[in-house]
Amino acid sequence: MLTKRLKDDNWALHQIAERQETPGSLIKGQMPREGYVGMIAQQVLINRVLDDAMRGAIKSDPRVGELVLEEQMLSPYLIEDAAYFGLDLDAIEPNPGTARFIEHIGAHKDQPLHLLGLHYVRLGACNGNRFVARVVRKAYELGEEGTRYLDPFGETQRDKWMEFKNALDAMPFDEAEQDQVFDGTRAAYVAAINLDLDEAMSAEALLEQHGKTLDKKAFEEGHSVHVPSPHG
Ligand code: HEM
């Protein structure tokens with residue numbers, strides 16, 4: 001099944017992504033408020049470009065059109081958050097990692113299934129970001145306003161994610177097409193990890209660097225240990 005592969009063969013990159021400066025300090029509640037607002041600003045730039053690219057993919061491949069819903073476009077939530085913090089969208093400068101991510105999207109704008117892989121990761125990240133949202137709300141005394149991007153679907157997160165995954169598994173993609181989606185997911189993890197790095201690292205270099213410390217079992221257990229329950 002495609003989504004099983006997307007999850008099982010990317011766990012190491014997911015673990016590396018979780019460890020990076022921005023997600024790592026956000027989940028621990030150690031990120032200063034201006035760092036959080038800066039993250040929102042950078043994500044506005046990335047997600048605006050990815051939303052546009054997804055609209056192109058929806059037109060060029062009807063299967064992508066069936067899978068990707070308007071409510072999954074993430075820039076509107078980010079723009080709401082940015083407005084809450086009084087950000088001037090025209091004044092945001094991309095940092096090097098953002099510029100690389102945007103360049104990557106542009107270079108694949110005619111590959112709807114690669115784009116679908118990029119989209120899968122930003123949508124899947126909402127599962128973890130829902131937990132991050134809880135910490136962020138407490139740390140900066142926010143409600144839903146200012147944290148829409150982290151938690152766009154609220155209580156329906158889990159059901160909507162399962163629906164998306166089931167629809168993806170039911171979609172007739174041949175093996176080569178599934179590979180394209182998979183490549184997109186890997187590229188998205190790598191681009192996200194590199195958001196915090198001035199000099200980009202490849203997937204191979206990242207896996208080599210973290211290799212000895214990666215642990216699938218600890219990783220799976222770690223989710224339940226360091227992530228508080230959204231209801232608790
Ligand atoms: C503090 C950081 C993070 C935490 C605590 C976290 C936690 C989680 C959790 C609990 C899940 C649900 C796992 C499951 O359904 O079994 C998940 C899924 C996922 N996360 Fe994260 N995550 C974090 C950061 C990230 C980042 C930075 C990315 C990507 C850029 C990301 C991408 C994903 C994806 C794509 C999924 C869906 C996996 C799949 O089923 O294929 N996460 N995360």
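User: With 232 residues, what radius of gyration does the chain have?
Analyst: Quick ground rules: this is a predicted model, where local features need pLDDT of at least 70, side-chain atom pairs count only at pLDDT 80 or more, and totals for chains, interfaces and linings use all residues. Numbering starts from 1 along each chain as its sequence is written, and side-chain values use heavy atoms, with hydrogens and water left out. The radius is taken over C-alpha atoms, and the globule rule is 2.2 Å times the number of residues to the power 0.38. For 232 residues that puts a compact globule near 17 Å, which agrees with the chain's own 17 Å.

User: What box do the C-alpha atoms of the chain fill?
Analyst: The box is taken along the principal axes. Its rough dimensions are 45 × 40 × 40 Å.

User: How many helices and strands does the chain have?
Analyst: Both are DSSP runs numbered from the N terminus (helices: H or I, at least four residues; strands: E, at least two). Reading along the sequence gives α-α-α-α-α-α-α-α-α-α-α-α. The count comes to twelve helices and zero strands.

User: Which protein atom is a donor of the iron atom of the ligand?
Analyst: Donors are N, O and S atoms within 2.8 Å of the metal (3.2 Å for Na, K and Ca), and water isn't among the atoms, so a site may look incomplete. The residue to look for sits in helix 2. At 2.1 Å from the iron, the only protein donor is His 14 (NE2).

User: How far is an oxygen atom of the ligand from an N or O atom in the side chain of Tyr 120?
Analyst: Polar contacts are N or O pairs within 3.5 Å. Lys 7 has a polar side-chain atom 2.6 Å from a ligand oxygen, and for Lys 165 the value is 3.1 Å. For Tyr 120 the distance is 2.4 Å.

Technical notes: Polar contact = N/O pair within 3.5 Å; in protein donor to acceptor, adjacent residues only side chain to side chain.
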